Amino acid sequence: MPPVYQQPPTRGRGAPKPAQGTKPPTYWWLSIIVFLFFWFLFGAFGMYYSAQVSTRWGYGDAPGAQRASKSALIVNLVGLGFGIIFWIFVLSLGSQ
């Protein structure tokens with residue numbers, strides 16, 4: 001018999017408590033820019049981590065939200081760097 005999965009409670013006892021403090025940045029805008037203009041794969045991973053910030057924060061996992069925010073920033077900056085180098089290379093080949 002397959003295991004029965006239940007959705008976690010949203011109210012009352014056992015419900016996740018929202019995290020306290022300031023929510024870390026999600027970097028959605030940077031994820032979308034990297035996704036559209038530079039490297040598709042890096043942007044997709046950046047969007048994943050950006051979404052994880054809000055999800056983890058909503059479940060009260062403040063350290064997880066911080067890690068996801070940092071991962072989103074790093075992945076997006078790497079994608080932005082590769083994208084800029086790529087477009088400089090492409091434009092320099094086109095001008096020759």
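From the N terminus on, the elements of the chain run α-α-α. Helices here are DSSP runs of H or I with at least four residues, strands are E runs of at least two, and both are numbered from the N terminus. The count comes to three helices and zero strands.

Before you click, two notes. This is a predicted model, where local features need pLDDT of at least 70 and side-chain atom pairs count only at pLDDT 80 or more, while totals for chains, interfaces and linings use all residues. Residues are numbered from 1 along each chain as its sequence is written, and side-chain values use heavy atoms, with hydrogens and water left out.

**Stop 1: the whole chain**

Select everything. Of the 96 residues, 24% count as buried. Buried means under 20% relative accessible area, exposed means over 50%, and partly exposed lies in between (1.4 Å probe, protein chains only). Now think about contacts, meaning heavy atoms within 4.5 Å. Among contacts with a separation of 6 or more, 67% join residues 24 or more positions apart.

**Stop 2: Y27**

Select Y27, in the segment before α1. Its phi is near 60°, a positive value in a residue other than glycine. Is Y27 buried or exposed? Y27 counts as buried, because its relative accessibility is 19%.

**Stop 3: α1 against α3**

Select residues 28-37 for α1 and residues 62-94 for α3. The two helices pack at an angle of about 35°, and their axes are 9 Å apart. Axes are lines fitted to C-alpha atoms, for helices over the stretch in contact, and angles run from 0 to 180 degrees between N-to-C directions. The crossing of α1 past α3 is left-handed. That term means the near helix is turned anticlockwise from the far one by less than a right angle; clockwise would be right-handed.

**Stop 4: α2**

Move to residues 40-58, which form α2. Colour its buried residues: G43, G46, S50, Q52, V53 and W57. These pack against α1 and α3. The 19 residues of α2 should span 27 Å at 1.5 Å a residue, and the end C-alpha atoms are 28 Å apart, so the two agree. The expected span is 1.5 Å times one less than the number of residues.

**Stop 5**

Just after α2, find G60, with a positive phi of about 85°. Then select R56 and D61. Their side chains meet in a salt bridge, at 3.5 Å from N to O. A salt bridge needs a side-chain nitrogen of Lys or Arg within 4 Å of a carboxyl oxygen of Asp or Glu. The structure holds one. R56 is partly exposed at 30%, and D61 is partly exposed at 27%.

**Stop 5: along α3**

Select α3 again. Its buried residues are G64, A65, A68, S69, A72, V75, N76, G79 and G83. What covers them includes α1 and α2. An α-helix has 3.6 residues a turn, so residues three or four places apart point the same way. End at Q66 in α3, partly exposed at 44%. Q66 and V53 are 13 residues apart in sequence and 7.2 Å apart in space, C-alpha to C-alpha.
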